[in-house]
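Here is a short tour to read with the model open beside you.

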There are 2 protein chains.
Amino acid sequence: MSTRTLPPLPRDVRSMVRSGEWRGVTAMVAPGYVQANLAILPRELAFDFLLFCQRNPKPCPLLEVIEPGQVEPRLVAPGADIRTDIPGYRVYLDGEPAEDITDLNDVWRDDLVSFLLGCSYTFESALIHAGIPLRHVDNGKNVAMYITNLETVPAGPFSGPTVVSMRPVHRTQVVRAVQVTTRFPTGHGAPVHIGDPQAIGIKDINAPDFGDAVEIREDEVPIFWACGVTPQAVAMKSKPSLLIGHVPGRMFISDVRDEDIAVL
Amino acid sequence: MSTRTLPPLPRDVRSMVRSGEWRGVTAMVAPGYVQANLAILPRELAFDFLLFCQRNPKPCPLLEVIEPGQVEPRLVAPGADIRTDIPGYRVYLDGEPAEDITDLNDVWRDDLVSFLLGCSYTFESALIHAGIPLRHVDNGKNVAMYITNLETVPAGPFSGPTVVSMRPVHRTQVVRAVQVTTRFPTGHGAPVHIGDPQAIGIKDINAPDFGDAVEIREDEVPIFWACGVTPQAVAMKSKPSLLIGHVPGRMFISDVRDEDIAVL
């Protein structure tokens with residue numbers, strides 16, 4: 001009789017991260033559970049950044065905001081610790097990356113406010129479940145990302161262009177792709193644009209600003225979604241004395257299931 | 001040949017309010033445009049109140065937050081002035097109503113942050129358009145409102161029970177009522193409860209805590225939506241030194257159309 005290993009639960013993964021037993025890329029880890037981008041800022045910037053997220057929910061979908069000095073994401077992962085449960089942290093000083101560290105125990109301060117933002121893994125799972133293949137996943141590449149001419153709505157010192165990710169979708173599946181991703185507003189939600197890249201200021205679709213270029217076939221349409229790189233770029237541009245994010249690909253894994261955050 | 005008077009546009013109404021020409025109840029005024037509840041708080045409470053709204057989007061759907069000292073709702077009503085364009089303001093000192101005034105020119109301060117929150121007029125219009133009659137509207141009464149045992153998610157000094165409004169819906173229209181109101185998350189969105197009042201802590205459906213009782217017929221189901229009274233009750237309970245709201249029924253009329261805020 002064969003045995004089948006069940007995928008680990010979010011709390012098991014976080015526990016392994018906390019103890020240092022495992023600190024890898026979180027894609028496909030704890031499938032079905034919502035993963036989150038991290039942004040930590042000092043209290044004096046927290047109101048403006050929260051307002052920025054509220055005004056720009058597609059690039060900056062808030063999953064949870066943890067009050068100054070608090071370390072437990074009580075709403076999306078009770079018992080977790082934001083200082084130790086992410087596989088890699090990147091510290092930015094005055095808007096420049098300074099160092100990557102494995103926990104925040106030595107840098108934590110009572111005035112730090114933690115923002116957990118939804119990520120594209122949620123809607124990518126939904127697209128795949130809906131039978132819409134994702135070429136960058138099939139090819140083992142990063143998704144293609146572009147800086148657009150779609151300006152975010154500013155708040156305090158935070159402003160800048162929307163960064164989007166692009167996925168080619170067969171023309172018969174475009175409507176379904178809109179419907180499926182509309183269900184997850186806290187996972188970037190519906191697309192921001194369908195079709196012509198130039199209409200949103202992308203000059204060369206074959207030269208993404210971040211990630212890897214991907215083929216767009218004759219019978220496919222490029223679809224663009226707001227991307228979690230936006231808040232990071234916007235926060236860095238404002239050159240805060242301290243900003244802490246996660247190392248790309250190493251996300252926070254919450255206890256919330258994808259279906260729990262679906263609006264329909 | 002008869003002439004037909006067109007309904008006034010939001011900016012015309014606001015202009016009449018500002019000049020003192022008209023300061024009435026805004027129900028059915030500028031139909032099709034989004035109306036908003038007002039809450040103004042000092043800056044030191046603004047982060048926590050914004051966080052409270054973010055954590056409780058059904059009772060506290062944010063339409064716009066205006067930065068400290070600023071008076072123009074640039075996103076939902078460019079050119080408007082939050083100090084003069086609402087037909088009635090209510091000032092609360094230490095959580096108690098102090099006076100009703102017609103403009104904020106004498107009380108305005110550079111540290112005040114204005115919150116505009118969605119209201120039930122949006123989804124009530126949508127229900128009526130969908131052929132779902134609203135008895136309190138037909139009877140010219142206030143909607144029935146109840147304090148429930150559904151606790152809001154606290155933030156800083158803000159906490160308390162969710163207040164709901166109840167509308168009886170024919171059992172054949174319950175599904176449609178859920179679908180129609182789901183379209184408007186910034187107008188309180190989908191119901192919080194369908195059916196048994198006791199399940200959410202309402203002891204006597206015939207004795208609402210606010211508004212007027214309404215008949216529920218044999219073939220009808222009571223449906224409960226989160227209500228804009230919630231943020232007001234929560235804000236008052238925290239006894240802020242200063243809180244400014246609108247006089248009930250006298251709302252801010254934005255330039256945004258109901259259909260502009262529909263998610264589907």
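## Where the chains meet

Two residues are in contact if their C-beta atoms, placed from the backbone, lie within 7 Å. The contact between the chains takes 12 residues from chain A and 12 residues from chain B. On the side of chain B that touches chain A, α2 (43-55) and β2 (62-66) of chain B each supply at least two residues; helices (H or I, at least four residues) and strands (E, at least two) are DSSP runs, numbered from the N terminus. The largest share of that side, five residues, comes from α2(B).

By class, the side of chain B that touches chain A has 10 nonpolar, two polar and no charged residues. Here Ala, Val, Leu, Ile, Met, Phe, Trp, Tyr, Cys and Pro count as nonpolar, Asp, Glu, Lys and Arg as charged, and the others, Gly among them, as polar.

## A look at C227(A)

You will find C227(A) in the loop between β9 (220-226) and α6 (229-237) of chain A. Is C227(A) buried or exposed? C227(A) counts as buried because it has 27 C-beta neighbours inside 10 Å (buried means 20 or more other C-beta atoms within 10 Å of its own, placed from the backbone; exposed, 12 or fewer; partly exposed, in between).

Leaving aside neighbours within four places in sequence, C227(A) is in contact with P59(A), M145(A), V163(A), V164(A) and S165(A).

## Confidence and conventions

This is a predicted model: local features need pLDDT of at least 70, side-chain atom pairs count only at pLDDT 80 or more, and totals for chains, interfaces and linings use all residues. Residues are numbered from 1 along each chain as its sequence is written, while chains are lettered from A and ligands numbered from 1 in the order in which they are written.

Chain A has a mean pLDDT of 95, and 98% of its residues reach 70 or more; pLDDT is the predictor's confidence in each residue, from 0 to 100. For the complex, the predictor gives an ipTM of 0.87 and a pTM of 0.91.
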